[in-house]
Amino acid sequence: MKGRNVVVLKIRNGAAVLIVALACLQTLPARAQSAPAPTPAKQAPTAIPYANMPPAAVPFGRYRKPYQDWFVDSSTLEYYGAARERPDGDLAALKTINIGFLGPLDANNYDSPYGIAMLHGSQMAVDDANAHGGYHGKPFALKVHDDLPLWGASSMAIVNMVYDDHDWAMLGSVDSASTHIELRATLKLELPIMDTATNDPTVTQTRIPWLMHNFPDDRQQGYALADYVFNQRHLKRVGILQVNNRYGRAGKDVFFETARRIGHQPLVEVWYAPDATDFSAQLETLKASGIDGLVIWGDAAQAGLVLKQMRAMAMQQPVFASSRACYPEVLKIAGPAAEGLVMVSAIDPTRMDPEWQQFRQRFLARFHTEPDAYAAYAYDGMNLLIASIQKAGLNRGTIMDALRQYEMKRYTGVSGTAFFDYTLNNIAPVTFAKIQNGQFVYWPEQRTDWHGKPVSFLR
Amino acid sequence: MERASAASHGRKILWIVGIFLLATSVAAAQDPSFYTKWTNYTSANGFPPGEVYCVTVDGNRVWAGTGHGLVLLENGRIQKVFTTKDGLAGRAVMSVAVDRLTGDVWIGTFGGLSRYSGGQFKNYTNLTSGLANDLVYGVAVQGQYLWVATTAGVNRLDTHTGSWSIFNESNAPFEEPWTYGISVGAEKIYFAVWGGGVLSYDLANHYWKPYTDPDGEMELVLYRNQGLIHNIVSSVSWNPDTKTFWASTYFGLSSYDGRNWHNYLTKDSGLPSNFINAVKSRGNQVWACTQKGLSEFNPTTNTWITYRPDAKTGRGEILITRPDGSKRQIASSTTLAHNYILNLDFQGDDIWVATANGLSHGARQPYKQQASGAQSTARSLGR
């Protein structure tokens, strides 16, 4: 038995209460290859604040206890509909067991690098499952839909998945608006969704029981960065630079609000267009504000350009960034100017455990590129979907039930160990990365108790 | 002397009024009427299987939107199931509105908007018209205008000129463009916006007003009657009799009468679930379509009546929650087709209810009159 102390923070009514719970961490066997459906790991302590929220970041926490708290008990995703009562699929009449995929794939789509990685990870999981016999001898088949960049153009994808493709579940998407549209449509159409790439935390704040999410969202990234920047690096006058799209806006909000609540309201926030290459105007504003640190919520290429132009302007402040900046491209573009950059990373690609290494080597051999976080979480997410279908059979309602069995439980896959809360959102600690001597150096998030002392949580 | 006589006369009137009110309330309490006569339309009697997403009454005709097309019932009989083969824009029908002047039927589907007129369908999609998006959740007729709630904003179609307007985050105070429901009032139109609260549009002065969750947080309700209870609003219903709009959310029920907000959760009311798919209100009735039954709320008496099938017996369960929180449960021999309620509409005093497993038609009967036919095992339940 692996065991360790888990410190859980809980705050309400202005008072922080530290609850020390002894948790037995019995993680699931790794599922680098498709294997029989796993049973979710033993239940973790339940006194976990929603989204693993730091005490200091609890809304209104200093002033009053809310009349109602959501997402903190097992009634969060209750379902009393009729999906389970529908007839099961007729296996004999099916040639394939279809699973839908929605992701940005067109090269003109800003998000396509993430979508393509997500597709490759999904394909590997499907192929692994088929190599192990598929579903009672019938192969799983991925029904791929391109998430078009035009807003709302992909909204009919889930309708087609249900009525034309006859999918049993779906995986997607990257863009949070598209994911929200699928989520609301599935409340009517009742198709289980595995979301492995969206950062938007509101996707799991709807009480719709049909969606599971395993990618570290903006809350997890924002809390981790705020703790690191203010409690561990002790900065006080931070500026924010964000890409002006839904990814940048939603992500920035969490960091900004957390910083404000702990008494370090960012001095200035500026944005740039998704296709910007010249950041001089934004950097002049930031420089004039007298910041002692900069947080970038954007992608790697532009983070690289920002760093290069920033250092050229003799701005030597430390720079921090969200997980989409954590790609080799940032180093390639910024060169020495990237030195010291600290980023949230959704995975630690230097892990040496056999699950990750086997996946990495197989992925590299097949797609001739290193797997990124989007590939890893898609592989894990598709494995979770397939395992749920194996366990529940060809009934969308019972497949949803099988996914919901992961509430307040762990799952270990190639991306690491996830912990799913009552909203079926992964709230496990994130990884940090720093560019040091021209190399990416990774370490696990070490959150403090917001008074300077380290705490361990959910690890 | 005259003053004393007048005072005595006033006291007598007060006594008479008091006794009358007491008598009527006792009578009402002793002889309540409930929806105990239910007729269900399911796959067992030729109705399309699965969810009924919406129901709209048009005189003696009833339109029901399902995952297998649009069903027309006339005088309680299924007349026709319209599908995409008949020309319907999409298979899953989310909303229906009837233009009382022209008789045209407007149908919102997951596949676009349809107009059924003169036995023919005419379709409007994102590619062929000004429709903002093909996922259409709501339709409503206001004079010559048709209002359409889509996943990418609100459309207004001028049915006289055929011109389209679109309202979204670029020209109106939408926090999110995802629109779910519409309710037409004489002066304003109300919109249920997923993630964006309630929006009203002033017809005379052409301005928008948002009503959003004042605490701004998805994970909590700060004060009980703080304002709108949550920004994820699934439907809205304007009640012209009480000048109040009601908003259903997946986080409880809200009402606003222009001065005060009132919010309702399972922990402080007779609501069976905080997950509410739709709300409709008229007179002193507020109907909440929840995932654990259909609730009728009377704000004047602060009494809730919830109808649902008993999970164990399959018979009807009627749960009455009094203002003091005490509960009483009675049984009925017939009940709704399913406890998961998506929508309802009124036909006189009757109601038509869309459920997750068929359409239900309910008729109200005095409880005393049908006590022998229905269960008379009424019992009081503790809080």
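In chain A, β6(A) and strand β7 (residues 193-195) run parallel and are joined by two bridges; helices (H or I, at least four residues) and strands (E, at least two) are DSSP runs, numbered from the N terminus, and two strands are taken to pair if DSSP finds at least two bridges between them. Within this pairing, M170(A) has I193(A) of β7(A) as its bridge partner. The model is a predicted one, in which local features need pLDDT of at least 70 and side-chain atom pairs count only at pLDDT 80 or more, whereas totals for chains, interfaces and linings use all residues. Residues are numbered from 1 along each chain as its sequence is written, while chains are lettered from A and ligands numbered from 1 in the order in which they are written.

The two strands belong to an open sheet of five strands in chain A, ordered β5-β4-β6-β7-β8, with parallel pairing. At its edges stand β5 (140-146) and β8 (211-213) of chain A; each has a single partner strand, so one side of each is left without a neighbour in the sheet. On average, neighbouring strands of this sheet are turned by 20° against each other, direction ignored. Helix α1 (residues 112-131) of chain A packs on the sheet and touches β4 (97-103), β5 and β6 of chain A, its direction making about 165° with that of β5(A). Here, axes are lines fitted to C-alpha atoms, for helices over the stretch in contact, and angles run from 0 to 180 degrees between N-to-C directions; residues are in contact if their C-beta atoms, placed from the backbone, lie within 7 Å.

A cis peptide bond, with omega of about -10°, joins G172(A) and S173(A), and S173(A) is placed in the loop between β6 (169-172) and α3 (176-189) of chain A. H166(A), in the loop between α2 (157-163) and β6 of chain A, has a positive phi near 55° although the residue is not glycine. H166(A) counts as partly exposed because it has 14 C-beta neighbours inside 10 Å; a residue is buried with 20 or more other C-beta atoms within 10 Å of its own, exposed with 12 or fewer, and partly exposed in between, the C-beta atoms being placed from the backbone.

Two helix pairs of chain A were examined. The axes of helix α4 (residues 218-232) and helix α5 (residues 246-261) of chain A come within 8 Å and cross at roughly 40°. α4(A) and α5(A) are therefore oblique to each other, given that angles under 35 degrees count as roughly parallel, over 145 as roughly antiparallel, 65 to 115 as roughly perpendicular and the rest as oblique. The contact includes Y223(A), L225(A) and F230(A) of α4(A) together with V254(A) and F255(A) of α5(A), among others. By class, this contact of α4(A) with α5(A) has eight nonpolar, four polar and two charged residues, where Ala, Val, Leu, Ile, Met, Phe, Trp, Tyr, Cys and Pro count as nonpolar, Asp, Glu, Lys and Arg as charged, and the others, Gly among them, as polar.

For helix α10 (residues 373-392) and helix α11 (residues 396-404) of chain A, the axes come within 8 Å and cross at roughly 120°, which makes α10(A) oblique to α11(A). Residues L384(A), S388(A), I389(A), K391(A) and A392(A) of α10(A) meet T398(A), I399(A), D401(A), A402(A) and L403(A) of α11(A). Six nonpolar, two polar and two charged residues make up the contact of α10(A) with α11(A).

Chain B contains one helix and 32 strands. Of its 383 residues, 49% are buried. Four of the strands form an open antiparallel sheet in the order β2-β3-β4-β5 (chain B), with β2 (52-58) and β5 (77-82) of chain B as edge strands that each pair on one side only. Six bridges link β2(B) in the antiparallel sense to strand β3 (residues 61-66) of chain B, and C54(B) has G65(B) of β3(B) as its bridge partner. N302(B), in the loop between β25 (293-298) and β26 (303-309) of chain B, has a positive phi near 55° in a residue other than glycine.

The contact between the chains takes 34 residues from chain B and 31 residues from chain A. On the side of chain B that touches chain A, 20 residues are nonpolar, eight polar and six charged. Strand β3 (residues 68-69) of chain A pairs with strand β18 (residues 220-221) of chain B in the antiparallel sense over two bridges, with L220(B) as the bridge partner of D69(A).

How values were computed
Two residues are in contact if their C-beta atoms, placed from the backbone, lie within 7 Å.
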